[in-house]
Amino acid sequence: MSGNQTNRNIGAAGLFIIFSLLFFVLVIRFITIQYTGEAEGRVLAAKAAQMYLRQDVIKAKRGTIYDQKGEVIAEDSASYTLVAVLDEKLTIDESHPNHVVDPEETASQLAKQIDMSEQDILSLLTKEGRKQVEFGQAGRDLSHNVKKKIEQLKLPGITFIKDSKRFYPNGIFASHLIGYAQKEETKGNTSEIIGKTGLEKSYNKLLKGADGSIKYDGDKWNYILPNSEKQIKKPKNGHDIYLTIDKKIQTFLEDAMNKVDEEYKPKRIMAVVADPKTGRILAMGQRPTYHPTTRVGIDQSWHNEIIETSFEPGSTMKVFSLAAAIEEKVFNPKEKFPSGTYVINNKSKPIKDHNQGVGWGPITYLEGVQRSSNVGFAYLLEKMGTDTWRHYIDEFKFGTETGIALPNEVPGKILYDWPIEKVTSVFGQGTTVTAMQMVQAMTAIAGDGQMMKPYVVDKILNSDEDTVLETKPEIAGRPISKETAKEVREILETVLTSEHGTGEIYQLDGYKSAGKTGTAQIPNPSGGYLEGRNNFIFSFLGLAPVENTKLVMFVSVEQPNLAENESGSVPVSKIYNTVMKNSLQYLNIEPEDIPEAKITTLPDFSKLKINETMKILKKSGLKPVIIGKGNKITGQSPLDGVTMIEGEKIIIRTDGELTIPDMSGWSKRDVLKAAQLAGLKVNIVGNGFAFKQNLKPNSPIAEGDHLVVNFETPQQKLEREKMNNTTEKEDSPRD
């Protein structure tokens, strides 16, 4: 018994010693860790910080692209990504759940707001093991308006991640020049807006800037812990780019091209407007084109035709061969040559004029220019020599890139080996050029012999609004003298004004214009050229005014569907004339010939038929407004005997059902005239010009009806349009 007790004591003593040693080791370990802050060679504070340290990216704002006057062309716009939280652990208070409680109801409600089926949404919301889900493309790039609608549903677990997308407020607007940028996934499962074409691509590094970051201590829900220190690295926003493009002139061009594209369905349209004194490109566009936000149409033509496509210029090249002949003093406008056919040698096909080689007999060289005689220019080449003409081709920079600082520019090709190639080059056949080269060369004619290098980027500012790049006008060459340029302009003016001229259709009301028409053949892939009256590139290279030229413009329309007996100049002129005249007026260029306004004393139209009345009013330049669907005129305002000036409105009432006209833009005086003649009770609200009416335009009315018309001043109109643009930006469609 004594032995057992002794053994138990020894065992207890042993255990005591062992536990004492373990306790001692633990105490020492604790003291050591507390003193050194390390365990197994690792700093515990750092390990703890790592567990709770969170880092988020602070996105940089992509730079904005402006026109020359600061109007936005491309900018970042707020967008939102839809997220559904599925983890029940994130709900602390069941009365205020932070996760999706009812997947079926949530799916039903969301399907009404995003482009995704209810079944697909439900499938995402019921995925096992997922803490949160997104909704793919249907849930990305949501506008602020859509976000608000979803928030109003108050669906538990539905939240948003704020992001940005590229927004193009003007839609189809110099799309191939501006290009487009879109969001793409990058390393680290993040997204970034990247330029894919045009200026968005070539200036991507400057536009995108550099993202910043924020580091902080957070809990498992990523909320910032109280009293935690935040380390913030500010983002560097992208550079802003100001272009030489003038939004107003570009809009003139876009509208004109749209109308011609719709009416004639051509294969291709190209157009450029430039300031010849500086080389600044004020507008440029093409058809087909695409919408930079939706990319609709980009499959038809994704590259910039103005600089990336070369073509045979046809007779527009005669502008420069004429300039070379004048500079070399071999052009005598009164000297005659035999038109019709020119024989190069017995190995080459003869050169023929465009009237089947019949010609017009012996005519002067001036008339040859006006009639666009290929034979006349062949004789001019003979006079100045082929080596001399080749020299001027180089001086006008054909066969050389303009260096406009846009990607993928092509130089064109000068074919000048065989005698036939040397002769045809003088009237634009065989040799190829780009639209931008034609505009650059034309600046020498418009700018008294000084040729300006074209450019589209005016300046670039960094996020601190410091100028990091500013483009200065650069002289590309002086191929001809001031005297030669002046004479060329005067001769090209006669191309539009002479009875023999091919460019009569390009005359501008109130402004003297000059230029050269072109009808270039299109090479057939199987050899030779395409045949048929529509298979040409119809073009015009012009300038205005003739003295102190402000604008040069090149337009080409390829393979339009022309009506019977309609010339290819018609669709080209519908672009050139419209854009040039509107642009000159917009630039406040005083008209050179101001036509006298027509003054008309009104007769009593009640004695005339409606058709006769319309003819008289049209001839007088008055604007008739008809209220009534009958044929008999029962009233007019103003009355007979009143003197009116061209452009004024006259209200005509007929028998039959009365209708209310669209009064947008009307003066108070015109509104009152119409209301009085129709027997309406009118209420006028505001000042300025009419912009809204309570009675729908062209709807039936009866005497005694109440008409309410709201008016606004030009300043109020501008503010309203700005507000509408802002709303459209928020409600813009998702990519």
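This is a predicted model: local features need pLDDT of at least 70, side-chain atom pairs count only at pLDDT 80 or more; totals for chains, interfaces and linings use all residues.
Residues are numbered from 1 along each chain as its sequence is written, and side-chain values use heavy atoms, with hydrogens and water left out.

**Overall make-up**
- The protein chain has 21 helices and 35 strands, where helices (H or I, at least four residues) and strands (E, at least two) are DSSP runs numbered from the N terminus.
- Of the 735 residues in the protein chain, 47% are buried; buried means under 20% relative accessible area, exposed over 50%, and partly exposed in between, with a 1.4 Å probe and protein chains only.
- Among contacts in the protein chain with a separation of 6 or more, 69% join residues 24 or more positions apart, a contact being heavy atoms within 4.5 Å.

**Helices α11 and α16**
- Helix α11 (residues 318–327) packs against helix α16 (residues 435–446) at an angle of about 35 degrees, and their axes are 10 Å apart; the axes are lines fitted to C-alpha atoms over the stretch in contact, and angles run from 0 to 180 degrees between N-to-C directions.
- V319, F320 and A323 in α11 meet M438, A441, M442 and I445 in α16.
- The residues of this contact divide into seven nonpolar, no polar and no charged, with Ala, Val, Leu, Ile, Met, Phe, Trp, Tyr, Cys and Pro counted as nonpolar, Asp, Glu, Lys and Arg as charged, and the others, Gly among them, as polar.

**Nonpolar cores**
- The largest nonpolar core has 124 residues, and I178, F320, W389, F396, F398 and I575 have the most contacts inside it; such a core is a set of buried Ala, Val, Leu, Ile, Met, Phe, Trp, Tyr and Cys residues joined through side-chain atoms within 4.5 Å.
- Helix α16 gives the most to this core, with nine residues.
- A second, separate core of 22 residues includes A107, L122, L125 and I150.
- Leaving aside neighbours within four places in sequence, F396 is in contact with F320, A323, Q440, A441, A444, M451, P479 and I480.

**Surroundings of E328**
- E328 lies in the loop between α11 and β15 (336–338) and is partly exposed, with a relative accessible area of 36%.
- Leaving aside neighbours within four places in sequence, E328 is in contact with T388 and Y392.
- E328 and I480 are 152 residues apart in sequence, yet 9.5 Å apart in space, C-alpha to C-alpha.
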